[in-house]
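I opened my notebook and went through this structure one item at a time. Here is what I looked up.

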Amino acid sequence: NVPLQDTAGVNYGPANMYSQFKNNGHSFFALLYANDPEFAARAKMVAAEVVKDINNGIYENGSSFATPHYIQTVIDPILFTMLQLKQAGIKNLFAEKGKMHRFFDFYNSLLTPPSVRFSGNRKLISFGDGSEESATSFGLMAAGMEETDKEYSRKLYSTFYHGPARTSIYGYIALAIDLTINP
């Protein structure tokens with residue numbers, strides 16, 4: 001019995017833990033081997049699973065069930081999986097207008113004005129048990145939107161670079177985004 005298997009007798013933890021495990025574990029490896037005959041069918045199923053994760057983590061109006069501090073734990077694993085789906089040629093969820101676009105606008109609205117305390121950078125607002133902080137999510141969103149809406153992608157890259165950027169515990173940012181873009 002392995003934790004996070006249904007036969008282990010161990011629960012999945014808080015609501016966002018299951019999404020993190022599923023996206024950073026199961027989906028990651030299924031998509032990593034998307035062209036392998038043994039994984040191809042599983043890789044194609046990932047798109048529908050990610051849409052369920054999006055629907056569970058984001059309301060119809062684009063807001064999230066989490067505070068600004070915890071949104072990254074919900075959205076980063078989803079964004080990494082969306083980027084993998086796009087790269088594998090299975091589905092480009094960034095191209096679909098809808099809930100994710102409303103989320104991008106909502107998340108952008110949670111930024112402070114340029115702050116003298118942070119060298120003119122913008123941070124996510126603080127309420128709950130979080131602090132004013134940067135999020136790599138803007139860079140991941142920018143990378144996903146690059147081919148679909150270049151202007152919006154540049155806006156997201158600008159937000160990412162004026163955060164300043166930080167690492168994500170859900171994946172390696174330097175391999176996921178184009179660090180040569182300077183909007």
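The entries below go from the whole chain to single residues.

**Entry 1: the whole chain**

I noted at the start that this is a predicted model. The protein chain has seven helices and zero strands. From the N terminus on, I wrote the order down as α-α-α-α-α-α-α.

Next I looked up burial. Of the 183 residues in the protein chain, 46% are buried. I also checked the surface. The chain exposes about 9,600 Å², and carbon and sulfur atoms supply 56% of that area.

Residues 24 or more positions apart account for 62% of them.

**Entry 2: helix α4**

How many of the 10 residues of α4 are buried? I found seven, so the helix is largely enclosed by the rest of the structure. I listed the buried ones: Lys 99, Met 100, His 101, Phe 103, Phe 104, Tyr 107 and Asn 108. What do they pack against? The buried residues of α4 pack against α2 (40-57), α3, α5 (137-145) and α6.

**Entry 3: α4 against α6**

I took one of those partners further. Helix α4 covers residues 99-108, and helix α6 covers residues 150-161. The two pack at an angle of about 35 degrees, and their axes are 12 Å apart. Their crossing is left-handed.

Which residues make the contact? From α4 I wrote down Phe 104, Asp 105 and Asn 108. From α6 I wrote down Tyr 152, Lys 155, Leu 156 and Thr 159. I sorted the residues of this contact into three nonpolar, two polar and two charged. Phe 104 and Asn 108 are also on my list of buried residues in α4.

**Entry 4: Thr 73**

I moved to helix α3, residues 68-87, where Thr 73 is found. Is Thr 73 buried or exposed? Its relative accessibility is 15%, and buried means under 20%, so Thr 73 counts as buried. I then followed its side chain. The side chain of Thr 73 reaches the backbone oxygen of Tyr 70 at 2.7 Å.

**Entry 5: Gln 84**

Gln 84 is also placed in helix α3. I read a relative accessible area of 16% for Gln 84, so this residue is buried. Which residues does Gln 84 touch, not counting those up to four places away in sequence? I found Ser 27, Phe 28, Leu 31 and Leu 32. A polar atom of the Gln 84 side chain lies 3.4 Å from the backbone oxygen of Phe 28.

Key
Residues numbered from 1 in each chain as written. Predicted model: local features only at pLDDT ≥ 70, side-chain atom pairs only at ≥ 80, totals over all residues. Heavy atoms only, no water. Helix = DSSP H or I, 4+ residues; strand = E, 2+ residues; numbered from the N terminus. Buried < 20%, exposed > 50% of the residue type's maximum accessible area, 1.4 Å probe, protein only. Polar contact = N/O pair within 3.5 Å; in protein donor to acceptor, adjacent residues only side chain to side chain. Axes fitted to C-alpha atoms, helices over the stretch in contact; angles between N-to-C directions. Left-handed = near helix turned anticlockwise from the far one by under 90°. Contact = heavy atoms within 4.5 Å. Nonpolar A, V, L, I, M, F, W, Y, C, P; charged D, E, K, R; others polar. Areas by Shrake-Rupley, 256 points an atom, 1.4 Å probe, with all protein chains shown as cover.
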